[in-house]
Amino acid sequence: DFSTTVGASMVPVFNASGDVLLYERLTQRLAGWSRGEVVVATSPKDPDGRICKRILGLQGDRVKVWSHIGEKEVLIPRGHVWLEGDNKAASHDSRHYGPVPVGLLQGKVRLKLWPLTEWG
């Protein structure tokens with residue numbers, strides 16, 4: 001499947017707009033999800049929207065979250081992952097909406113197809 005980028009949450013890995021990404025749905029069904037993978041998911045805030053983020057935590061992991069009020073630790077519940085954008089300053093992610101159900105993950109990003117000068 002294909003997705004396009006909209007927003008700066010994954011800059012510099014992906015451009016803020018116009019990148020075309022190829023993602024696949026099979027590998028995770030066979031091998032599961034892994035920390036560090038970049039994924040496309042249904043937005044937990046908008047069921048018609050898609051997000052592109054990196055998996056930073058899996059069920060059972062504890063992640064540290066920093067905010068203007070300090071640091072807290074979140075335990076990721078069963079059947080959930082922790083997603084964050086690489087560009088923390090521009091990303092609306094699990095730091096805002098919490099752990100994401102794995103059922104919302106659509107697939108793992110495999111390739112940037114466009115622009116051709118950045119193919120790979």
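Reply: The radius of gyration is taken over C-alpha atoms, and the rule for a globule is 2.2 Å times the number of residues to the power 0.38. For 120 residues, a compact globule would have a radius of gyration near 14 Å, and the chain, with 14 Å, agrees with this. The model is a predicted one, in which local features need a pLDDT of at least 70 and side-chain atom pairs count only at pLDDT 80 or more, while totals for chains, interfaces and linings use all residues. Residues are numbered from 1 along each chain as its sequence is written, and side-chain values use heavy atoms, with hydrogens and water left out.

Let us begin with the whole chain. Along the principal axes, its C-alpha atoms fill a box of roughly 40 × 35 × 25 Å. Helices (DSSP runs of H or I, at least four residues) and strands (runs of E, at least two) are numbered from the N terminus. The chain has two helices and nine strands, and from the N terminus on their order is β-β-α-β-β-β-β-β-α-β-β.

A residue is called buried under 20% relative accessible area, exposed over 50%, and partly exposed in between, with a 1.4 Å probe and protein chains only. Accessible areas come from the Shrake-Rupley method with a 1.4 Å probe, and for residues only the protein chains shown count as cover. The chain exposes about 7,000 Å², of which carbon and sulfur atoms supply 55%.

Contact means heavy atoms within 4.5 Å. Among contacts between residues at least 6 apart in sequence, 50% join residues at least 24 apart.

We now come to the part in question. In soluble globular proteins, nonpolar side chains tend to be buried together. A nonpolar core is a set of buried Ala, Val, Leu, Ile, Met, Phe, Trp, Tyr and Cys residues joined through side-chain atoms within 4.5 Å. The largest such core has 11 residues: Trp33, Val39, Ala41, Ile51, Ile55, Leu58, Val81, Leu83, Tyr97, Val100 and Leu105. At least two residues of this core come from each of β3 (38–42), β4 (50–58) and β7 (80–84). Strand β4 gives the most, with three residues. Apart from this core lies another, of eight residues, including Leu21, Tyr23, Val38 and Cys52.

Neighbours within four places in sequence aside, Leu105 is in contact with Trp33, Val39, Val40, Ala41, Ile55, Val81 and Leu83.

Lys53 lies in strand β4, and with a relative accessible area of 5% Lys53 is buried. Beyond four places in sequence, the contacts of Lys53 include Val38, Val39, Leu83, Glu84, Asp93 and Tyr97.

The loops complete the picture. Lys45 has its place in the loop between β3 and β4 and counts as exposed, because its relative accessibility is 60%. Even so, the C-alpha atoms of Lys45 and Tyr97, 52 residues apart along the chain, are separated by 7.9 Å.

In the loop between β4 and β5 (62–67), Gly60 and Asp61 are both found. Gly60 is exposed, at 55% relative accessibility, whereas Asp61 is buried, with a relative accessible area of 18%. Not counting residues up to four places away in sequence, Gly60 touches Leu75 and Ile76; on that basis, Asp61 touches Arg35, Val74, Leu75 and Ile76.

Finally, the loop between β1 (2–6) and β2 (17–24) contains Pro12. The peptide bond from Val11 to Pro12 is cis, with omega near 10°.
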